[in-house]
Amino acid sequence: MHQEWLALGAALLWALASLISVRPAEHLGAFSFSRWRMACVSLMLGSVALLTGGFLTLHDHQWWQMAASGLVGIFIGDTALYAALNRLGPRRSGLLFASNAVFSALLGIWLFNEHLGGQRMLGAGLVMAGVIIAIAFSRRNDHNRLEQTIGPLHIAVALGLLAGICQSVGTLLAKPVMSSGVDPVAASCVRMVAALGAHLLLRWSGIAVARPRQPITLSILGYVASNGFLAMALGMTLLLTALRHGDMGVVAILSATTPVILLPLLWIYTGKRPGRSAWLAAFAVVLGTALVLTGPR
């Protein structure tokens with residue numbers, strides 16, 4: 001049961017982090033923001049893993065497997081997510097990213113013989129229905145900058161879906177390693193360092209997209225470090241911990257509730273009350289989550 005609560009905790013942390021990320025992602029650009037965030041989180045996780053001896057729990061092949069998970073799920077997936085965020089805002093980009101729950105559930109059933117039966121299947125369906133309703137909720141005349149579309153819509157949607165697919169594949173690669181009982185902080189650090197290395201190579205290549213839009217400042221660095229601490233140092237570590245014994249599909253579905261959790265946070269942040277469809281989505285997610293949490297395995 002605690003694996004499901006860990007997944008929900010990760011979703012809450014990601015919702016908070018997505019609001020914090022708006023300003024630094026716009027200031028630095030998706031690639032530069034991701035690079036700085038990964039550097040901060042690598043230092044945080046690496047320090048903890050060195051002090052606790054967590055790296056000793058990883059075997060040779062597991063290092064490479066977690067590094068591959070980081071390259072797909074973080075280097076490609078996170079960069080695509082924040083590129084989508086700059087175009088669609090945190091709520092709608094988060095909803096597209098939540099598509100990873102569907103991919104993960106299907107992969108878990110196919111590859112790991114996981115089973116969602118009866119009450120838990122109904123709950124999973126309600127969660128996904130709530131997520132779909134929430135992403136469809138949008139006021140066309142909303143002048144809130146967090147809800148506006150910047151640039152071609154099809155590119156933004158493609159980036160959000162790419163982020164979801166990469167998150168699912170990254171989770172798939174990490175699942176066998178985490179099931180073996182390795183330290184989640186050390187495993188998360190390996191993923192982060194691999195992604196950071198790829199970002200640094202891209203930056204040193206001189207490619208234009210990897211350059212920062214504007215120079216980083218102390219205040220922007222503070223936002224980046226706060227986002228990294230909540231989303232990656234805490235949120236991703238909770239998710240990897242949940243994967244140690246939880247079903248990949250269930251963990252992914254519950255972690256996909258981030259966009260619905262964002263609704264009241266956006267209300268507080270912008271002062272604009274969500275519409276009835278948003279509350280319907282929230283009710284579906286809460287009911288579905290309760291069914292998943294209380295259903296027999």
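**View 1. Helices α7 and α9 cross in a right-handed manner.** A crossing is called right-handed if the near helix is turned clockwise from the far one by less than a right angle, and left-handed if anticlockwise. Helices here are DSSP runs of H or I with at least four residues, numbered from the N terminus. Welcome to a predicted model, in which local features need pLDDT of at least 70 and side-chain atom pairs count only at pLDDT 80 or more, while totals for chains, interfaces and linings use all residues. Residues are numbered from 1 along each chain as its sequence is written, and side-chain values use heavy atoms, leaving out hydrogens and water. The axes of α7 and α9 come within 8 Å and cross at roughly 55 degrees; axes are lines fitted to C-alpha atoms over the stretch in contact, with angles from 0 to 180 degrees between N-to-C directions. That makes the two helices oblique, the word for angles that are not under 35 degrees (roughly parallel), over 145 (roughly antiparallel) or 65 to 115 (roughly perpendicular). Look for Met 178 of α7 among the residues that meet α9, where Leu 240 is one of the partners; contact means heavy atoms within 4.5 Å.

**View 2. Helices α3 and α8 also have a right-handed crossing.** Their axes come within 7 Å, at roughly 55 degrees. Residues making this contact include Trp 63, Met 66 and Gly 70 of α3, together with Ala 187, Val 190 and His 199 of α8.

**View 3. Asp 78 and Arg 37 form a salt bridge.** The term stands for a side-chain nitrogen of Lys or Arg within 4 Å of a carboxyl oxygen of Asp or Glu. The structure holds one such bridge. Asp 78 sits in α3 (residues 60-88) and Arg 37 in α2 (residues 30-52), so the pair ties together parts 41 residues apart in sequence. In this pair the closest N and O atoms are 2.1 Å apart. Asp 78 is buried at 5% relative accessible area, and Arg 37 is buried at 2%; buried means under 20%, with a 1.4 Å probe and protein chains only.

**View 4. The largest nonpolar core has 42 residues.** Such a core is a set of buried Ala, Val, Leu, Ile, Met, Phe, Trp, Tyr and Cys residues joined through side-chain atoms within 4.5 Å. Phe 55 and Leu 58 are among the members that touch the most others. Helix α8 gives the largest share, 10 residues. Leu 58 touches Trp 63 and Val 190, among others, leaving aside residues up to four places away in sequence.

Terms used:
Buried < 20%, exposed > 50% of the residue type's maximum accessible area, 1.4 Å probe, protein only.
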